[in-house]
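Thanks for asking me to look through this one with you.

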Amino acid sequence: MALPELKQTTTEARLASVTLPEGGCLEPARRAALSRVQGMGLPDRRDEYWKYTRPDTLISVDVTKAAVFETDETPAFSEFDRLQIVFVDGVFDAEASDDLSLEGVSIERLADVQGKDIHWVKDLYGVLEARGQTPVERPLAAFNTAFATDGVVIHVTGTPSKPINLTYRHANDSSDAILHHVIKVDSGAEATILENGPAAARFNKVMEIDIADKGTLHLLRAQGRDHERRAATHLFAHLGEESAFKSFTLTVNGVLTRNEAVVEFTGDNAMAHVAGACVGDGDFHHDDTVFITHDAVNCESRQVFKKVLRNGATGVFQGKILVKEGAQKTDGYQISQSLLLDDDSQFLAKPELEIYADDVACSHGSTSGAIDEDGLFYLRSRGVPIGEATDLMTLAFLAEAVEEIDDSEIAASINDRLYGWLARRR
Amino acid sequence: MAALDQFEAKEGVDQETVDAVRDVSTYKYGWNTDIEMEYAPKGVNPDIVRLISSKNEEPEWMTEWRLQAFERWTGMKEPNWAMVNYPEIDFQDQYYYARPKSMEVKPKSLDEVDPKLLDTYAKLGIPLKEQMILAGVEGAEEAQTEERKVAVDAVFDSVSVGTTFQAELKKAGVIFCSISEAIREHPELVKKYLGTVVPASDNFYATLNSAVFSDGSFVYVPPGVRCPMELSTYFRINAENTGQFERTLIIADKGSYVSYLEGCTAPQRDTAQLHAAVVEIIIEEDAEVKYSTVQNWYPGDENGKGGIYNFVTKRADCRGDRAKVMWTQVETGSAVTWKYPSCILRGNESQGEFYSIAIANNMQQADTGTKMIHLGKNTKSRIVSKGISAGKAQNTYRGLVSMHPKAKNSRNYTQCDSLLIGDKCGAHTVPYIEVKNNSSRVEHEATTSKVDDDQLFYCRQRGMDEEEAVALVVNGFCKDVLQALPMEFAMEAQQLVAISLEGSVG
């Protein structure tokens, strides 16, 4: 079917402004992705899936400038022993990065891999993204597959001794970064991936994750602070039998962030937890869009999203649990809550269920409201000043999401950081 | 045979519930009345619109209004966002107007109405004689010192057959008549309110309705009047290949109150039939309207053959402060349902409530829910929706709760539960929540057989075993909704009361 005229024009313009990397084992996948983009067109405001978030600046030919945020604060996760991989404005920085060798895992740069004729990544690159295009189209992810310039491919074969930290630095006020990572977790293997930093003025990132039977992956993201970047990220996770995937994302400011998580259970008895905490202040638009497909028996999924908003910030949550026919004994849980600290902020939510199996338990809840006055009064009556009391109540509100982090040290560090940020803005 | 027999409900689903669903899914109103009919030519075009208008002896402004709507409709596309699938409708292969020949000359009173028509309604339990009362309320009059009266407007295909108790209502100042009569007799009221809640260009089906609606009911309750009896409209589709497009307009002026009931059935036929209605309700300051529906259109057979496509736009506008509206619906019929009775809470402290039970069996598809648009301060809304799917049916709750920036201190509570009987059906929830101020509270939940721990604890403390306590607390899947139904629907309510929430999926 032909695209609407405006969509056709904007899509063509954007496609004309980028070049598809040629040669090597990934070219067929890139070409297929390009034709997906041409078929779907890039998102616009009229698309139901973009009802609450304006994609204009994410698809425009020119990048809206974003000032580089200067801070003396130590970057997230720097207190932990980790293997750090640094990207500056979306380009791998070998000097700033650690040596990529670590027992139990093989790490390669996407740019190095794509030149090869044969590589395991060929069977995954763009494959999970393509699967994630139905029933809902995600054109920005297909765009990424076609035009990604850099990224890492990680093959987890054992249990590496330390987490792998992808750090995204922002140096140029009009940089446009397109990163594509592929992570393959072997049967019985387990790893932790950390991500932090604003990345670029505009950031499009796709992470494809394939977890084999009994594999485990932890993904922890801390999306910068006070920066002006605009980002659209996608993660596509494919889960085998008895595997586990746990993800937590912390977002503190950023003009526009759209995080899509697409999780698919194809093996029985697996579990996936997707959680997020966000604190938005002022010119801030944060969108969590989650789609979980249960296509296996006895799997457990949990979505926990908490948003604290003030000074005109907007929080969006679009979550969906799809239970396919035969996916019996599914346990699906979804909660999205917002705490609106003032009258200018808004919370827009669409928590959906689509169920085709009768022996399942799926529940979803969504609430929105102001801070609990009774709780505030209690704290104040015990001598806690109003600002600190508000922060404590806010932290308590976010706790359910932060508690989704298994590693207690990382959870504590995230909490400290949150408290520091809240206190600084008091 | 109901498809339910072929499916095993999973453990935990109450057998009584399965039986009750099977029972309500057995269609009892599938017979047809053999009566001579008069049709307008098939299809829809400006001439048909003019013809319908002239059959209703409408003034020029009304014809013009219809034609404008038709003009708009030709440029509109059928919505496709609902989770329903049906073969493409050929809008030119339908009759848009059908009336019994005997209605050619309007009967002056019910005594002159063709006995065949009166029998039809009597058979449906809707006697059109004032000395009789609606079926299903036997015993009701004993409870009351006075006889319980219900005024009925009976719509047969495209025309209103008659309206009972008009004289008695008139004494109280209440106008209750068919909309075609209102256009002739009370043009000032119709002109003032028609299309102000559901604009002629609102959506594809509402616009089509605006162009071709043939009849429907009109209610005006003057300031300070509590309508002395329940008002009701009974819609019957009888003719084949004929769409029914009725329009209802209810105006509750300041401080008034009215309870309105709506029932509908259709004969069993192999081809699908279209029903696209519009209901507009205007509620002024301190007024209250209760609108209850038992939708029982023919659902089609177990293979999905035939049935009514029910595409309905219903909306209430709480214009004045402290205005209140309550929608209660029991949806058991129709092959496809597309229906979202909504509340615009414009007046400060106005309230909207929506209670719904949707039961879908065999190949039925229901996409239904509500919109609560909070515009005024201190407005409140409550949504309770229960969906049950059996056979190969699909049941979707779709709703919107919107808190406008100015709707300070407003409150919404939404609860939707679904139950699946068998593993070939589906239950879906698509809520939209938009909160644009922080003094309002919005809560949405859709949960599994969630039993309140405190209540359970209370019961157990008093010596009940766990099972008994659960049975008592979760005593009825549908009770929340059934309590909101007026007495007149007692029969339907009795059938549904056996349905429990146990084993719901979310």
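1. Let's begin with β7(B), which is joined by 6 bridges to strand β9 (residues 257-265) of chain B, the two running parallel. To find the pairing on your screen, look for Phe235(B), which stands opposite Cys264(B) in β9(B). Please keep in mind throughout that this is a predicted model.

2. β7(B) also pairs with strand β3 (residues 150-156) of chain B, in the parallel sense and over 7 bridges.

3. How many of the residues of strand β7 (residues 230-236) of chain B are buried? The count is 7 of the 7, so the strand is largely enclosed by the rest of the structure. If you colour the side chains by direction, Glu230(B), Ser232(B), Tyr234(B) and Arg236(B) point one way, while Leu231(B), Thr233(B) and Phe235(B) point the other way. Residues on both of these sides are buried, Glu230(B) and Arg236(B) included.

4. A word on chain B as a whole. This chain contains 13 helices and 24 strands, and 57% of its 506 residues count as buried. Taking contacts in chain B between residues at least 6 apart in sequence, 83% join residues at least 24 apart.

5. Next, a helix pair in chain B. Helix α3 (residues 60-74) of chain B packs against helix α9 (residues 204-212) of chain B at an angle of about 145 degrees, and their axes are 7 Å apart. The crossing of α3(B) past α9(B) is left-handed.

6. Which residues of α3(B) and α9(B) meet? From α3(B) come Arg66(B), Ala69(B), Phe70(B), Arg72(B) and Trp73(B), and from α9(B) come Thr207(B), Leu208(B), Ser210(B) and Ala211(B). By class, the residues of this contact divide into 5 nonpolar, 2 polar and 2 charged.

7. Now over to chain A, where strand β16 (residues 314-323) is mostly covered, with 10 of its 10 residues buried. Thr314(A), Val316(A), Gln318(A), Lys320(A) and Leu322(A) point one way from β16(A). Gly315(A), Phe317(A), Gly319(A), Ile321(A) and Val323(A) point the other way, and the residues of both groups are all buried.

8. The neighbours of β16(A) are worth a look too. Strand β14 (residues 285-294) of chain A runs parallel to β16(A) and is joined to it by 10 bridges; within this pairing, Ile292(A) has Ile321(A) as its bridge partner. β16(A) also pairs with β18(A), again in the parallel sense and over 10 bridges. There, Leu322(A) stands opposite Glu354(A) in β18(A).

9. β18(A) leads us on to chain B. This strand is joined by 6 bridges to strand β23 (residues 426-435) of chain B, and the two run antiparallel.

10. Finally, the contact between the chains, which takes 32 residues from chain A and 31 residues from chain B. On the side of chain A that touches chain B, β18 (346-355) and β19 (361-369) of chain A each supply at least two residues. The largest share of that side, 10 residues, comes from β18(A). By class, the side of chain A that touches chain B has 14 nonpolar, 9 polar and 9 charged residues.

Methods: Residues are numbered from 1 along each chain as its sequence is written. Chains are lettered from A and ligands numbered from 1 in the order in which they are written. This is a predicted model: local features need pLDDT of at least 70, side-chain atom pairs count only at pLDDT 80 or more; totals for chains, interfaces and linings use all residues. A residue is buried if 20 or more other C-beta atoms lie within 10 Å of its own, exposed if 12 or fewer, and partly exposed in between; C-beta atoms are placed from the backbone. Helices (H or I, at least four residues) and strands (E, at least two) are DSSP runs, numbered from the N terminus. Two strands pair if DSSP finds at least two bridges between them. Two residues are in contact if their C-beta atoms, placed from the backbone, lie within 7 Å. Ala, Val, Leu, Ile, Met, Phe, Trp, Tyr, Cys and Pro count as nonpolar, Asp, Glu, Lys and Arg as charged, and the others, Gly among them, as polar. Axes are lines fitted to C-alpha atoms, for helices over the stretch in contact, and angles run from 0 to 180 degrees between N-to-C directions. A crossing is left-handed if the near helix is turned anticlockwise from the far one by less than a right angle, and right-handed if clockwise.
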